[in-house]
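Here is a friendly note to read alongside the sequence and the 3D view. Please keep both open as you go through the points.

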Amino acid sequence: MNTIDNTQRRTWLKQAMAACGLALTPAAVWAALDKSSLTDKSFFTLICDLVIPDTSVPGAAKAKVPDFITLAAAHGMKGAKAEQISGFEVLLNEHTGNVFVSLNEQEQKTALTALDAAAFSHPRGVPMPEVLAAWKALKALIVVGYFTSEIGASQALRYVLVPGRFNPDVPLSDNPKAFSTDWTGVKYA
Amino acid sequence: MSSEMQYDAIVVGSGITGGWAAKSLTEKGLKVLLLERGENIPHRTGYKNEMRAPWEMPFRGEGDQAYIDEHYPVQQHSGHLTEWNQSYWVDDKAQPYQTPGDSQFRWIRGYHLGGKSLMWGRQCYRWSDYDFSANANDGHGTDWPIRYKDIAPWYDHVEQFVGISGAKEGLPQLPDGEFQPPMALNVVEQYMREQIAEHFPDRRLTIGRTANLTEGKLDEGRAPCQNRSICSRGCSFGAYFSTQSSTLPAAQKTGNLTLLTNSMASRLIHDKASNRISGVEVLNTQTRQTTTYHSKLVFLCAGAFNSVGLLLRSTSEAFPNGLANSSGVLGKYIMDHASTVGVASVIPGFNDRYYYGNRPTGVVIPRFVNLDIPEEGYTRGFSYQGGAYRAGWSRGYKQAGIGEDFANDLQGPGDWKFVLTSFAECLPREENHITLDPEKTDADGFPQLQIHFSFSDNEHKLLKAAKEEAAKMVTAAGGKVLFGSDRPNPGGSAIHEMGGARMGRDAKTSVLNGYNQAHDVPNLFVTDGAAMASSACQNPSLTYMALTARAADYAASQLAKGLI
């Protein structure tokens, strides 16, 4: 479930466009929108929710990953570039031919899944379209932001800073969650 | 400039060897001045980020990449720099060096109390006579002036104090030591050990021999390892060997130690009449004042290349080409292990098994080539270090998927990976050398080092063989090879830089004698990695420590006899 109400936003957009006498086309919507609002937290909150939604534990939005994305991108974490991340919404809209935020949840999932599949099946050695590169960078920031947050590291995973012992063979069925403190497993995954 | 009191010995550098020199010399009753160019990082209270969770760090433990790119363009490639330990690595911007022409060298450093002993990999392996006789046997380099029997008692000595956990295997190429109980192989490593033994009877996979205590040394303030595997943040338990946890408290306990931090040895003063080092000029890096300290002995333990640099810039009328350099080989024959990922693989069949705790060591497969049966096409050998583990959440970077399935998958452990890094012996070659840059200086105003380095055809051949053999072992065990490389990482990447003031039998072709004593200047000893005449293919720190303790014992006895 998305944290922000996409339906509400989509409806608002439609009404706004109608009021302006415009058809709801991506180009028209894009032209009519305040660009600065597109790189704000709500878009990233939406994307975070789609990538790592609430499961048995709170997901990326509740773990405040959108805040982290802004900081991380500004400092080039995981090779991300600030403008690449802030411009992703535009690239996404251009790529899908839709206004992403105006789609319903299922449509958003379908669109993002297709983009994700294209990015991760992109052949090596072939220059990657900007939208796919930006998506991979953003997804990496969501993943690192979530699993290093307190929720991600200690609820989605097990955080045991001082194990005190090493048991070399444990049945996984005892607890299927991985350790966020398995630094080797994280470093060399 | 002022002139200060007389000590029995001055030790330059407080890392692994400097700590050992200070401990050994003070315990023999000598008054010792220990010089450290960097700041003091006190044991326990200095480890500011040790207990912090990722979410308590500004950049989640990964660090501010923009800052890292600006200040740590070299150090970040060590593979060990994190936000937790970032301040322990040198600022490359302030401490630059040159790699002329096609040279590639990653010079990884830590300028603070304890030096790299604070962030080291802790792997401790004895060398054997396969190593000490290698130069004599194949003609590369010059013969070591010692053999295994000369150093074996000193390996015993340092191992007992350091506290090294490991398994005895009875291998002549990797002699057993005075070990604490070994850490355990995990279920897949145990399987790989058995598979390798079955398919390759001359090969052995064993647990890493690591300077992490499995039995506490409580009387020394050291608790057993807590299996956190965050050693490089500093360990308040004192469970791994570092200057802070081990040698420094031992030296301080004698009452014979004076420690000066922020104090960089800028030059050694040679007295021509007595042919002795008469003083050490020391720059206080904070006040910018230079003081000359005097001593009967000087031990250089500044790290291989910095010890060489200090000698190169300590020119005098008697030694216009660098102190103790009548041979002309000072700065030459530098080495670093040629390293790369030999194999990364997936081992199927164990996905219902996991482990608890973070063992702070991997496994090792000692050298098995060119021991008693010569190989075709190359000389010397290679070994592997690595281990098995389950892939963590960061596999999500390269994994397709979004939504609940993706999130749930990453909450569990991934495939069992088995990875081996190849370490190939690096031949000592004259063309690999250090010089002083004639123009460029560092932040302290001293000439930068020029590091001229490349790997030879032999190292490339060794890594090629290592890649092939690693894949064979994985395949024989039913594993799936994902990747393997035979291309060495740039020199320095193994962080085993050594040589430049090699030990040898002949004063015409070496800088140091069999006791790490300068052939040219009797009261000068160099006991860090600079002394190495060959590189073997196993980690060198244990050998540096043993050589240091041995040299300190010799120096103290010579001093007592009035021979120095």
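The points below take up strand pairing, aromatic rings and charges over rings.

1. A word on conventions. This is a predicted model, in which local features need pLDDT of at least 70 and side-chain atom pairs count only at pLDDT 80 or more, while totals for chains, interfaces and linings use all residues. Residues are numbered from 1 along each chain as its sequence is written, chains are lettered from A and ligands numbered from 1 in the order in which they are written, and side-chain values use heavy atoms, with hydrogens and water left out.

2. Buried here means under 20% relative accessible area, with exposed over 50% and partly exposed in between (1.4 Å probe, protein chains only). Strands are DSSP runs of E with at least two residues, helices are runs of H or I with at least four, and both are numbered from the N terminus.

3. Now look at the partners of β11(B). Strands pair if DSSP finds at least two bridges between them. Strand β10 (residues 363-365) of chain B runs antiparallel to β11(B), joined by three bridges, and V364(B) stands opposite Q385(B). With strand β12 (residues 416-424) of chain B, β11(B) pairs in the antiparallel sense over nine bridges; there, R390(B) has W416(B) as its bridge partner.

4. Across all chains, the whole structure holds 32 aromatic pairs. Rings of Phe, Tyr and Trp (its six-membered ring) pair if their centres lie within 6.5 Å; planes under 30 degrees apart are stacked, over 60 edge-to-face, and the rest tilted. F43(A) and F88(A) form a tilted pair, because their ring centres are 6.2 Å apart and their planes at 40°. This pair links helix α4 (residues 41-51) to helix α7 (residues 88-96) of chain A, 45 residues apart. F43(A) is buried at 1% relative accessibility, and F88(A) is buried at 0%.

5. How do the rings of W120(B) and F241(B) pair? Their planes stand at 75° with centres 6.2 Å apart, so the pair is edge-to-face. Both residues lie in loops of chain B, and the pair ties together parts that are 121 residues apart in sequence.

6. Finally, charges over rings: NZ of Lys or CZ of Arg must be within 6 Å of the ring centre and within 35 degrees of the ring normal. R158(A) places its charged end over the ring of F179(A), 4.1 Å from the centre. The charged end of R233(B) sits over the ring of W183(A), 5.2 Å from its centre.
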